[in-house]
Amino acid sequence: MEGESILKTIKMAGYKATPQRRALVNLLLAAGKPLTVAEICQVLQREFPDISSDTVYRNLRLLVDLGLAAQIRAGTAYNDCFEILTEHHYHLVCLGCGAITCLPDCPVSDWQPPAEKLGNFQVTGHSFEIHGFCGRCRQRGLNKGGYHDAS
């Protein structure tokens, strides 16, 4: 998805394509990896010195709510990362260093929960994250949050 089509979707949803939103979208597209709110603020504050992390977070939530971006849960809200949805994919999240690796395929794309289990619930999408420790953290014996390497 390109920046202009993202901004068009924002406008069609009744929101303005402000200079800050344009800069946010362009930053996420150019990053090539998921970014935290702190990383995004650090870059955007060069152009918009008064932009707050609350403003950035609200705009990221808008992108997520419109289905234009993904929020990757990385432990706490302060560590959550965001990326523009260019394709449907999933993530490995390291509990030690916070590194996020994109998985190329969706392991549950063809799976449908049984209708009797859903009741009156309508599925509109899904997300999938695998939490664990990357090879570098395992080598270093890093065990954040009381997790221990069993190998």
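Glu39 is partly exposed in this predicted model, with a relative accessibility of 30%. Its side chain meets that of Lys33 in a salt bridge, with an N to O distance of 3.8 Å. Lys33 is likewise partly exposed, at a relative accessible area of 45%. The pair belongs to a set of three salt bridges found in a search of the whole structure.

Another of these salt bridges joins Glu4 and Arg22, whose closest N and O atoms are 3.4 Å apart. Glu4 is part of helix α1 (residues 3-12) and Arg22 is part of helix α2, so the pair ties together parts separated by 18 residues in sequence. Glu4 is exposed, with a relative accessible area of 52%, whereas Arg22 is partly exposed at 29% relative accessibility.

A salt bridge is also formed by the side chains of Arg61 and Asp65, at 2.9 Å from N to O. Both residues lie in helix α4 (residues 53-65), where they are four residues apart, or about one turn of the helix. Arg61 is partly exposed, at 25% relative accessibility, and Asp65 is exposed, at 57%.

Helix packing was examined for α2 (residues 19-31) and α3 (residues 37-47), whose axes come within 11 Å and cross at roughly 130 degrees. The two helices are therefore oblique to each other, and their crossing is right-handed. On the α2 side the contact is made by Ala23, Leu24, Leu27 and Leu28, and on the α3 side by Ile40, Val43, Leu44 and Glu47. Seven of the residues in this contact are nonpolar, one is charged and none is polar.

Conventions: Residues are numbered from 1 along each chain as its sequence is written. This is a predicted model: local features need pLDDT of at least 70, side-chain atom pairs count only at pLDDT 80 or more; totals for chains, interfaces and linings use all residues. Side-chain values use heavy atoms; hydrogens and water are left out. Axes are lines fitted to C-alpha atoms, for helices over the stretch in contact, and angles run from 0 to 180 degrees between N-to-C directions. Angles under 35 degrees count as roughly parallel, over 145 as roughly antiparallel, 65 to 115 as roughly perpendicular and the rest as oblique. A crossing is left-handed if the near helix is turned anticlockwise from the far one by less than a right angle, and right-handed if clockwise. Contact means heavy atoms within 4.5 Å. Ala, Val, Leu, Ile, Met, Phe, Trp, Tyr, Cys and Pro count as nonpolar, Asp, Glu, Lys and Arg as charged, and the others, Gly among them, as polar. A salt bridge is a side-chain nitrogen of Lys or Arg within 4 Å of a carboxyl oxygen of Asp or Glu. Buried means under 20% relative accessible area, exposed over 50%, partly exposed in between (1.4 Å probe, protein chains only).
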